Amino acid sequence: MPALLAIIFFVLSSILLQDALRAEEITATPNRPGVADPADVTQKGVVELEYGWERAFRSSEFRSRSAASGLLRFGLTEDFELRLGIDNYVTQRSDDPEGRRSGVGDTTPGFKYRLTKGDGIWPTLAFSYEVKMPTASRKKGLGSGRADHNLFFLASKDLLGLEWDFNYQLGWIGKEEKKSFDDSHLWALSLSRPLFGPVGISGEIYGGPRVNRQTPGFTGTDWALTYTVTPRVIFDAGVDIGLTSAARDITYFAGITVALVDLYRRLGLKE
């Protein structure tokens, strides 16, 4: 099942990607590159793809880890988007005798709903929900083998020449070998702005308190550059640095956001 989802994901993305470079009537709404998502949603009828790679070093769970993951989004209505995230490939090295372990990661379907559009002094507000389906191998240590549920509250605002995004995440994390859940909390505050020409810059600080005995509290920060090829195609690259001992020491990442196609217009459902 995980492999089939990954194949469908790649095939659909490949078919639609060629259309993304032809016209400029739609624009991308990136959730990358940081932890915090913007409160805005994908345009109505638009299929949008985000895909990225990361390489992390030194955490409590592994010595090194690489992952290729994607997020497919669809603007069902003006204020409501459907989301499907897939960790297509994960490989990590730890200190145990088995060394490196690789495989498909977890799958996270969900949605985002925009409550208000920013107007005057008021920010744009939204909430989203996702469930982590445990498609990663627990035996290999790539996943917990339990479903997680996450509810997000999002706010975005343009202020002082910067774009601000704030997220609060309330999670219910499935305990391994038990039917109960641990509560988790995560906050993230990001800012971004154009730097020069098509180049932009973003910075962020994020963290959360202790979840359980095995998962202590942590704080981290990330910084990235973005390059807007067209309004539909945006590249990013950056670094994430742990600010506390429980966070990953350092993570390098890069990715792309593409507004693939206006599906409603393609199907004749728009004027």
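Which side chain meets Glu54 in a salt bridge? Arg65 does, at 3.3 Å from N to O.

**Figure 1. The whole protein, as a predicted model.** Here you have 2 helices and 13 strands. Buried residues account for 44% of the 271 residues.

**Figure 2. Arg65 and Glu54 in their salt bridge.** Arg65 sits in strand 2 and Glu54 in strand 1, so the pair ties together parts that are 11 residues apart in sequence. Arg65 is buried, at 13% relative accessible area, while Glu54 counts as partly exposed at 23%.

**Figure 3. Arg73 and Glu50, a salt bridge at 3.0 Å (N to O).** This pair links distant parts of the chain, with Arg73 in strand 2 (residues 64-75) and Glu50 in strand 1, 23 residues apart. Both ends are tucked away: Arg73 is buried at 1% relative accessible area, and Glu50 is buried at 4%. They also belong to a salt-bridge network with Asp37, Glu48, Glu81 and Arg83.

**Figure 4. Asp236 meets Arg32 at 2.8 Å (N to O).** Asp236 is buried, with a relative accessible area of 6%.

**Figure 5. Gln169 in strand 8 (residues 162-174).** Gln169 is buried, at 13% relative accessible area. Its side chain makes a polar contact with that of Asn150 (2.7 Å). Other residues that Gln169 touches include Phe152 and His185.

Methods
Residues are numbered from 1 along each chain as its sequence is written. This is a predicted model: local features need pLDDT of at least 70, side-chain atom pairs count only at pLDDT 80 or more; totals for chains, interfaces and linings use all residues. Side-chain values use heavy atoms; hydrogens and water are left out. Helices (H or I, at least four residues) and strands (E, at least two) are DSSP runs, numbered from the N terminus. Buried means under 20% relative accessible area, exposed over 50%, partly exposed in between (1.4 Å probe, protein chains only). A polar contact is a pair of N or O atoms within 3.5 Å; within protein, one must be able to donate a hydrogen and the other to accept it, and residues adjacent in sequence count only if both atoms are side-chain atoms. Contact means heavy atoms within 4.5 Å. A salt bridge is a side-chain nitrogen of Lys or Arg within 4 Å of a carboxyl oxygen of Asp or Glu. Lists of a residue's contacts leave out its neighbours within four places in sequence.
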